[in-house]
Amino acid sequence: WFHLRHVAVVSGHRGIGFTVIQAMPKGAEAVPLDPAKHLTAKCVYVRPDYFATDTWGIDVARRAHGYVGVPYGFLTYLKLAAGAFRMRLTEAWLRRLISTRRDMICSQLADQALADAGHHVFTDGRLPQDVVPAELFDAVMSQPGWFMIPGHPVVGQWTRTDRASSVFARK
């Protein structure tokens with residue numbers, strides 16, 4: 001799980017460029033996609049097929065942009081660890097804290113943006129923000145869609161349209 005350290009939402013339009021929306025230690029940000037950083041073989045891009053409409057990617061990106069400025073959730077790691085060990089006394093407290101949206105780590109931001117747009121990645125009853133990067137990546141990769149590893153011509157395929165949105169993970 002520690003090999004997948006980061007996820008983000010990528011949005012953009014042909015001719016305008018692409019933006020990476022991500023939770024970072026200084027707070028959630030939207031930055032231009034930098035090919036030197038974001039289009040390397042260490043990144044995997046996933047474009048899920050969640051909805052029957054053409055607007056799902058736009059909805060996810062719009063929701064992710066709404067979290068720009070949200071502080072980074074350093075304490076979330078403790079919350080998620082307590083949940084992983086299922087400490088009964090902290091379970092209700094944990095669920096309340098994770099669901100506040102007052103602070104987020106990268107996987108929480110991406111998962112919450114997907115949930116806000118109407119798609120719950122997980123079907124096991126967890127809250128949308130009860131996730132770490134590797135869990136989110138595994139769940140999204142197990143669903144229908146497209147993926148691409150930049151610089152690798154065999155394993156992936158990426159479809160570019162004028163309305164694009166994706167989740168990417170950095171190894």
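Which residue in S3 is the bridge partner of Thr19? In S3, Thr19 has Pro32 as its bridge partner. Strand S2 (residues 17-22) and S3 run antiparallel and are joined by four bridges; two strands pair if DSSP finds at least two bridges between them. Helices (H or I, at least four residues) and strands (E, at least two) are DSSP runs, numbered from the N terminus. The hairpin of S2 and S3 has six residues between the strands, and Gly27 there takes a positive phi near 120°.

This is a predicted model, in which local features need pLDDT of at least 70 and side-chain atom pairs count only at pLDDT 80 or more, while totals for chains, interfaces and linings use all residues. Residues are numbered from 1 along each chain as its sequence is written, and side-chain values use heavy atoms, without hydrogens and water.

The predictor's confidence in each residue (pLDDT, from 0 to 100) averages 76 over the protein chain, with 70% of the residues at 70 or above. Strand S3 (residues 29-32) has the highest mean, 94, and strand S6 (residues 164-170) the lowest, 49.

In the largest nonpolar core, of 31 residues, those touching the most other members are Val9, Val60, Ala64, Leu109, Val121, Phe122 and Leu136. Such a core is a set of buried Ala, Val, Leu, Ile, Met, Phe, Trp, Tyr and Cys residues joined through side-chain atoms within 4.5 Å, where buried means under 20% relative accessible area (1.4 Å probe, protein chains only).

Helix H5 is largely enclosed by the rest of the structure, because 10 of its 11 residues are buried. After H5 comes Gly118, with a positive phi near 110°.

Technical notes
Buried means under 20% relative accessible area, exposed over 50%, partly exposed in between (1.4 Å probe, protein chains only).
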